[in-house]
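Trainee: Can you walk me through this one? I would like to start with the helix packing.
Mentor: Fine, here it is.

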Amino acid sequence: MSTTPAVAKTNAVRAEGLWKAYGHGEAQVVALRDVSIEFATGQYTAIMGPSGSGKSTLMHCLAGLDYTDHGVVNVGDTQITGMGDKALTKMRREKIGFIFQQFNLLPTLTAEENILLPLGIAGKKPDSEWVSRIVKVLDLGDRLKHRPSELSGGQQQRVACARALASRPDVVFADEPTGNLDTKSGTEVLRFLRQSVDEFNQTIVMVTHDPVAASYADRVVILADGQIVDELQSPTAETVLDKMKHFEEIVAAKEEANQAADAGEAR
Ligand SMILES: Nc1ncnc2c1ncn2[C@@H]1O[C@H](COP(=O)(O)OP(=O)(O)OP(=O)(O)O)[C@@H](O)[C@H]1O
């Protein structure tokens with residue numbers, strides 16, 4: 001289903017040696033353990049793993065929504081590690097598009113206003129030709145004057161997709177983008193994300209639990225207990241499902257190894 005674009009040369013996002021823990025002492029949870037990963041420009045990556053494996057934490061650290069304890073993150077040619085809140089907010093506006101499971105559209109604004117909002121906040125003029133092109137591909141032309149409450153879930157998520165791509169970001173982070181959609185609407189969103197990679201050279205990093213959604217990606221990265229434990233190239237729903245069947249074994253092995261390492265460090 002997926003094709004690796006020939007143009008995948010540079011890295012849109014690069015992370016090296018990321019560590020992140022929540023809490024202290026006995027209550028401490030290590031959410032990321034020495035994670036290093038690269039996302040090539042024009043590549044579509046799905047991040048999978050059992051609940052609590054660190055997917056959201058990784059995405060938040062890559063997107064500058066959360067701080068890591070150690071390690072370095074680069075978005076495009078900018079090292080975001082060490083930036084303060086203000087600089088991070090600016091960086092996110094300029095370089096990153098977000099798509100959330102709950103759509104996160106502003107209810108009082110029309111679809112069109114929602115799409116253009118991040119550009120407006122960043123003080124950028126929209127490239128109207130580009131925005132029109134996305135709106136057309138997403139088939140939102142006759143919905144632009146509607147408010148989110150007047151749109152179906154699928155239409156709302158397509159508006160969120162247009163909003164994410166409107167500024168031509170270095171990378172789009174999508175967190176369970178089809179989690180709230182029926183199969184037909186989910187397929188439309190996934191097809192669009194695939195098309196944005198193939199036709200617009202967009203870079204996409206998507207967290208998902210769904211093997212069918214993951215099969216639209218060029219590669220699947222699997223996390224367990226805060227570490228990258230496996231990777232699949234050109235995934236199909238079947239190969240992803242097969243990996244998922246072994247999640248429990250993978251997690252058990254990782255937890256055991258990590259506990260042994262933690263105990264060794266504590267001595
Ligand atoms: N703010 C927080 N405070 C304390 N612990 C946290 C916090 N956020 C996440 N964790 C813990 O860090 C670990 C990784 O959580 P994370 O949300 O990244 O996992 P996930 O793979 O995205 O899970 P899910 O698939 O359920 O969304 C979990 O053990 C979680 O309980």
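**Helix packing and the ligand shell**

Mentor: Helix H3 (residues 111-121) packs against H5 at an angle of about 30°, and their axes are 7 Å apart. Keep in mind that this is a predicted model.

Trainee: What does that make H3 and H5 to each other, roughly parallel or roughly antiparallel?
Mentor: Roughly parallel, because angles under 35 degrees count as that. The crossing of H3 and H5 is right-handed.

Trainee: Which residues of H3 and H5 meet?
Mentor: From H3, Ala111, Asn114, Ile115, Leu117 and Pro118; from H5, Val159, Ala162 and Arg163. By class, the contact of H3 with H5 has six nonpolar residues, one polar and one charged.

Trainee: And H5 with H6, at what angle do the axes cross?
Mentor: At roughly 15°, with the axes of H5 (residues 153-165) and H6 (residues 183-200) coming within 9 Å. That makes H5 roughly parallel to H6. The crossing of H5 and H6 is right-handed.

Trainee: Which residues make that contact?
Mentor: H5 contributes Gly153, Gly154, Gln157, Arg158, Cys161 and Leu165, while H6 contributes Ser185, Glu188, Val189, Phe192 and Ser196. The contact of H5 with H6 divides into four nonpolar, five polar and two charged residues.

Trainee: Changing topic. Which residues are around the ligand?
Mentor: Tyr22, Gly23, Val29 and Ala31, then Gly49, and the run Ser51, Gly52, Ser53, Gly54, Lys55, Ser56 and Thr57. Strand S2 (29-40) and helix H1 (55-62) are the elements that give two or more residues to this shell.

Trainee: Which element gives the largest share?
Mentor: H1, with three residues of the shell.

Trainee: How many residues of that shell are polar?
Mentor: Eight are polar, three are nonpolar and one is charged.

Trainee: One more. Where does UniProt place the domain feature?
Mentor: The UniProt entry, which is unreviewed, puts "domain: ABC transporter" at residues 13-250.

Trainee: What is the helix and strand content over residues 13-250?
Mentor: Over that stretch the chain is 37% helix and 26% strand. The end C-alpha atoms of residues 13-250 are 26 Å apart.

How values were computed: Residues are numbered from 1 along each chain as its sequence is written. This is a predicted model: local features need pLDDT of at least 70, side-chain atom pairs count only at pLDDT 80 or more; totals for chains, interfaces and linings use all residues. A residue is near a molecule or strand if its C-beta atom, placed from the backbone, lies within 6 Å of it. Helices (H or I, at least four residues) and strands (E, at least two) are DSSP runs, numbered from the N terminus. Ala, Val, Leu, Ile, Met, Phe, Trp, Tyr, Cys and Pro count as nonpolar, Asp, Glu, Lys and Arg as charged, and the others, Gly among them, as polar. UniProt positions are given in the numbering used here, feature names are shortened, and annotations may be inferred rather than shown by experiment. Axes are lines fitted to C-alpha atoms, for helices over the stretch in contact, and angles run from 0 to 180 degrees between N-to-C directions. Angles under 35 degrees count as roughly parallel, over 145 as roughly antiparallel, 65 to 115 as roughly perpendicular and the rest as oblique. A crossing is left-handed if the near helix is turned anticlockwise from the far one by less than a right angle, and right-handed if clockwise. Two residues are in contact if their C-beta atoms, placed from the backbone, lie within 7 Å.
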